[in-house]
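Please go through this model with me. I would like each label set against its definition.

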Amino acid sequence: MSPGADAGAVREALAAASDALAAAGVEDVRLDAELLLAEATGWDRARLAAEPEAAVEAGAARRFGEMVRRRVRREPVAYILGRKGFRGLELSVDGRALIPRPETELLVEIALELEPSTALDVGTGSGAVALAVADELPGCEVTGTDTSTAALDLARENAERLEIDGRVRFERGTVPEGRRFELVLANLPYVREDDWASLAPEITGYEPREALVGGADGVEAIASTVPATVAALEPGASLALEVGAGQAGEVAELLLDLGFGQVEGRQDLAGIPRVVLGSS
């Protein structure tokens, strides 16, 4: 059955979608099919599993078919659904900003560990890190910055919808002039220019390139931005940078050269040094 045909029963709808997605090169075909069908029907995945012979009504079948066609074109599921979970927050996501990744939660964990009263999130994108820090550290005054006006619009929309807008300030740029922070968090572009073409179509075809590519060696954006963040740190403050695989050593050397007295790496769940933390 093609994605545009009547879906029939849940079992048939999922089987047809899984076949179409597999033919398109999608990896997690069953999971993606279930997420899309749950969205189209308004049912949760538990009900889909419990009622495989339940009929999918015509309107839901049409919605499901359109979503499957988008996924066949390798559009990310998060963009199709329009949302992505991040540390318990449900964020609106679209092509204005990157889809929040699980490894980026390390930045929030560092904030919880250090408990700053002021924090700056550089390259805030959808606002994921800034909003999570504000949500989990109510006493922290959080500022998020981005060079993309479109991304900032999305971040502000998320803050308003989540009712966190009163505790987070979003500003255009990188480091606000004349202000200092106890903690600076940054998820800057770190993909090498030569690696871009080899990334998954979900990334190269849909996510904003300028938020991902960090120059020829992948650390140019980090190297050019970090010196300005140092000037924005309170005495004894810390800087945490998300980095790509294999970049932690070079970024750690950069922080040592800038005068950080203590520098360490933090691994993500895959065991990759993903965050470099410097303390002055």
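The questions and answers below take the labels one by one.

This is a predicted model, in which local features need pLDDT of at least 70 and side-chain atom pairs count only at pLDDT 80 or more, while totals for chains, interfaces and linings use all residues. Residues are numbered from 1 along each chain as its sequence is written, and side-chain values use heavy atoms, with hydrogens and water left out.

Q: Why is Thr124 called buried?
A: Buried means under 20% relative accessible area, exposed over 50%, and partly exposed in between (1.4 Å probe, protein chains only). Thr124 has 6% relative accessibility, so Thr124 counts as buried.

Q: What does Thr124 touch, not counting residues up to four places away in sequence?
A: A contact means heavy atoms within 4.5 Å. The residues that Thr124 touches include Gly144, Asp146, Leu152 and Phe170.

Q: What makes Arg47 a charge over the face of Trp43?
A: The rule asks for NZ of Lys or CZ of Arg within 6 Å of the ring centre and within 35 degrees of the ring normal. Arg47 lies over the face of Trp43 at 3.8 Å from the ring centre. Arg209 lies over the face of Trp196, at 5.4 Å.

Q: How do you know whether the radius of gyration agrees or disagrees with a compact globule?
A: The radius is taken over C-alpha atoms, and the globule rule is 2.2 Å times the number of residues to the power 0.38. For 280 residues a compact globule would have a radius near 19 Å; the protein has 21 Å, which agrees.
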